Amino acid sequence: MARREIRVIGESKVLVGRGLLAHIPSELTPANGIHASKFVIVSDDNVWPLYGPRLVDAFRSLGGVTVHDVASEAADRASRPMGFAMGCSCGADEPVEGEDGKLLLTFQVAAGEASKCREVKAAIEDFMLLHRCNRDTCMIALGGGVVGDLVGYVAATFMRGVPYVQVPTSSTAMIDSSVGGKTAINVPAGKNLIGAFHQPVVVYADMDLLATLGRRELVEGIAEAIKMGVIRIPSLFELLEANPEQVMALEPKLIEQVMYDSIRGKAEVVAQDEREAGLRSTLNWGHTIGHAIEALKSPAMMHGECIAAGCVAEAELPLRLGIPWQLDRAKIKRIADCFASYGLPIHVPRGLSIEQLMRKMALDKKNRGNTIKCTIVTDIGVSIAQPQPVPREMMQAVMSESMAEGARLPEWVPHEGKVKAQAAGGQMAS
Ligand SMILES: O=C(O)C(=O)C[C@@H](O)[C@H](O)[C@H](O)COP(=O)(O)O
């Protein structure tokens with residue numbers, strides 16, 4: 001099993017490689033900083049059938065672990081639009097720990113962003129309380145960004161904090177959301193507005209798990225890799241710019257480089273600024289506009305697709321702000337062309353109301369008072385460590401112009417992919 005280790009902050013680390021899944025249970029030990037007698041795997045009903053049983057089998061093969069594998073109730077899903085939780089009904093038969101006191105619980109949520117909510121968080125907590133989980137419980141997030149952010153937030157607050165492990169299965173989660181300890185749920189007012197910083201003990205970035213993604217799902221995460229290249233790793237940007245077809249075909253050497261560089265870039269930033277006092281805000285490039293688009297277009301558009309459009313629009317800002325910049329027209333075009341070469345959208349979608357976008361933007365976490373603050377990239381590979389104030393009219397102008405330019409072109413259509421069924425609750429990254 002070839003793998004590389006990237007240290008993040010404190011004891012938190014990312015293991016990047018292939019064939020990692022089967023080894024996870026044997027590594028969740030005190031020697032690796034995990035003192036647990038109970039393990040709770042949380043996954044969604046898209047990912048679980050693909051990888052859940054394999055992970056459970058790996059636990060079983062250790063011996064001495066009692067497995068309480070709660071059955072899926074997928075048929076119930078349609079009647080529970082806010083996401084649903086399985087196995088949390090009171091009075092469920094309580095499993096008995098194995099001889100050495102180890103117990104494995106499993107819990108599934110409905111796939112899709114709707115599960116990243118207060119209700120599902122509470123359902124997981126109640127399930128864990130029902131099964132007498134306490135502080136020697138380790139949670140395992142097996143899934144994309146929704147599951148990762150949700151489990152991370154439960155782990156941050158359950159009994160004031162228990163350890164958790166991320167096993168990302170989407171490209172966005174692997175490249176970005178599983179690393180760095182931002183955990184959150186969505187609330188009606190917006191995305192990721194309630195959460196905590198809580199670092200996973202370890203992230204298993206097993207690139208074999210990317211093989212089950214559709215093209216659209218893969219490309220969605222590549223948007224975050226392009227972002228990382230533009231904000232601080234020019235060589236990553238150039239690699240992505242030069243090789244879209246090979247990256248989308250999961251050419252092993254290239255995809256490994258893209259994953260490794262993206263994760264390393266994120267780890268370097270988080271190590272210097274865990275709580276987003278400055279530098280970490282550079283990771284939020286494209287997210288001011290991107291999150292506003294997402295708030296209005298999800299689930300028809302995926303997170304990375306909204307971020308791609310947001311990045312290209314925000315690339316216009318340094319010129320207009322009069323900040324010293326080298327991001328000339330030619331470089332802005334290179335950035336836009338790079339996103340487009342992966343089939344990602346590069347314009348604010350037509351038909352959205354600028355006023356509504358501005359309203360969504362008002363709750364961006366980088367803002368101070370009524371001032372919109374935005375991450376500014378001044379060259380390919382260079383970004384300003386502190387978000388900069390942007391006048392509202394300028395924000396409105398870049399979005400309207402982006403939308404008008406897009407309206408002159410054929411309408412963007414996503415790649416064919418598994419997430420065509422997204423509206424019914426497909427796998428979706430945070
Ligand atoms: O890790 C970060 O910091 C980021 O901003 C990375 C983003 O790509 C990611 O989408 C993050 O979850 C967004 O965070 P938020 O603070 O804007 O909710």
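**The ligand, a helix and one valine**

Start at the ligand: one of its oxygen atoms sits 3.3 Å from an N or O atom in the side chain of E224. Keep in mind that this is a predicted model. The side chain of K227 also has an N or O atom facing a ligand oxygen, at 3.1 Å. For N284, the corresponding distance from a side-chain N or O atom to an oxygen of the ligand is 2.8 Å. How much of the ligand does the protein bury? On its own the ligand exposes 430 Å², and the protein buries 96% of that.

There are 13 residues around the ligand, and those that come nearest are D176, K182, K266, R280 and K365.

Next, helix α6, which covers residues 215-232. This helix has 18 residues, and at 1.5 Å a residue they should span 26 Å. Is α6 mostly covered or mostly open? Mostly covered: of its 18 residues, 16 are buried.

Which residues does V151 touch, once neighbours within four places in sequence are left aside? V151 is in contact with V42, M139, I140, A141 and Y164. As for E125, it is 26 residues away from V151 along the chain, and the C-alpha atoms of the two are separated by 9.9 Å.

That is where I will stop.

Conventions: Residues numbered from 1 in each chain as written. Predicted model: local features only at pLDDT ≥ 70, side-chain atom pairs only at ≥ 80, totals over all residues. Heavy atoms only, no water. Contact = heavy atoms within 4.5 Å. Helix = DSSP H or I, 4+ residues; strand = E, 2+ residues; numbered from the N terminus. Expected span 1.5 Å × (residues − 1). Buried < 20%, exposed > 50% of the residue type's maximum accessible area, 1.4 Å probe, protein only. Near = heavy atom within 4 Å. Polar contact = N/O pair within 3.5 Å; in protein donor to acceptor, adjacent residues only side chain to side chain. Areas by Shrake-Rupley, 256 points an atom, 1.4 Å probe, with all protein chains shown as cover.
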